[in-house]
Amino acid sequence: MVERMTEVGERLAALELFAGLAPAEMQALAETASTLELAADDVLVRQGDDADATFVLLTGRLSATLERGSESSRLLSTLLPGSTVGEIPFLAGGKRTATV
């Protein structure tokens, strides 16, 4: 029997990314997920760091930038709720390709 999911689990289940998961799979995902709150200028991941996790944006927005030296960066995209962050280098065992 699948128990009631947490609020985070319910929010994840509403995303198209997880639409194909069976209820038991969604429950397992919800049980291993954790939440992280960021302030306006916080960095979630830094370009060049090891990719040790992947993230799903539930609320707010994030900016992905490409660092080009000590004082220059280029905005790559603005991420909105439902966006994933860092899934490719995480799954491939690589480095972060942008700062978010």
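Colleague: Is Leu91 buried or exposed?

Modeller: Leu91 counts as exposed, because its relative accessibility is 72%. Here, buried means under 20% relative accessible area, exposed means over 50%, and partly exposed is in between, with a 1.4 Å probe and protein chains only. Keep in mind that this is a predicted model: local features need pLDDT of at least 70, side-chain atom pairs count only at pLDDT 80 or more, and totals for chains, interfaces and linings use all residues. Residues are numbered from 1 along each chain as its sequence is written, and side-chain values use heavy atoms, with hydrogens and water left out.

Colleague: Thanks! Where does Leu91 lie?

Modeller: Leu91 lies in helix 3, which covers residues 87-92. Helices (H or I, at least four residues) and strands (E, at least two) are DSSP runs, numbered from the N terminus. From C-alpha to C-alpha, Leu91 is 16 Å from Phe18, and the two are 73 residues apart in sequence.

Colleague: How many helices and strands are there in the protein?

Modeller: The protein has 3 helices and 4 strands. Starting at the N terminus, the order is α-α-β-β-β-β-α. Its C-alpha atoms fill a box of roughly 55 × 30 × 20 Å along the principal axes.

Colleague: And how much of the protein is buried?

Modeller: Of the 100 residues, 25% are buried.

Colleague: Let's look at helix 2. Which residues are buried there?

Modeller: Helix 2 runs over residues 23-32, and its buried residues are Met26, Gln27 and Ala30. Looking down the helix axis, these buried residues fall within an arc of 100 degrees, so they line one face of helix 2. The arc is that of the directions from the helix axis to the C-beta atoms.

Colleague: What covers the buried residues of helix 2?

Modeller: The cover includes helix 1, residues 7-13. On the face turned away from the buried side, helix 2 carries the exposed residues Glu31 and Thr32.

Colleague: New topic: charges. Why would two side chains pair up?

Modeller: Side chains of opposite charge can pair when their charged atoms come close.

Colleague: OK, how many salt bridges are there here?

Modeller: The count comes to 2 salt bridges. The rule asks for a side-chain nitrogen of Lys or Arg within 4 Å of a carboxyl oxygen of Asp or Glu. One of them joins the side chains of Lys95 and Asp50, at 2.6 Å from N to O. That pair links distant parts of the chain, 45 residues apart: Lys95 sits in the segment after helix 3, and Asp50 in the loop between helix 2 and strand 1 (55-56). Lys95 counts as partly exposed, because its relative accessibility is 46%.

Colleague: And which side chain does Asp52 meet?

Modeller: Asp52 meets Arg96 in a salt bridge of 3.8 Å, N to O. Asp52 is in the loop between helix 2 and strand 1 and Arg96 is in the segment after helix 3, so the pair ties together parts that are 44 residues apart in sequence.

Colleague: What about Arg96, buried or exposed?

Modeller: Arg96 counts as buried, because its relative accessibility is 6%.

Colleague: Last one: what does Ala64 touch?

Modeller: Ala64 is in strand 2, residues 62-67. Not counting residues up to four places away in sequence, Ala64 touches Arg74, Leu75, Leu76, Ser77, Thr99 and Val100. Ala64 counts as buried, because its relative accessibility is 8%. Ala64 and Leu79 are 15 residues apart in sequence, and 7.3 Å apart in space from C-alpha to C-alpha.

Terms used
Contact = heavy atoms within 4.5 Å.
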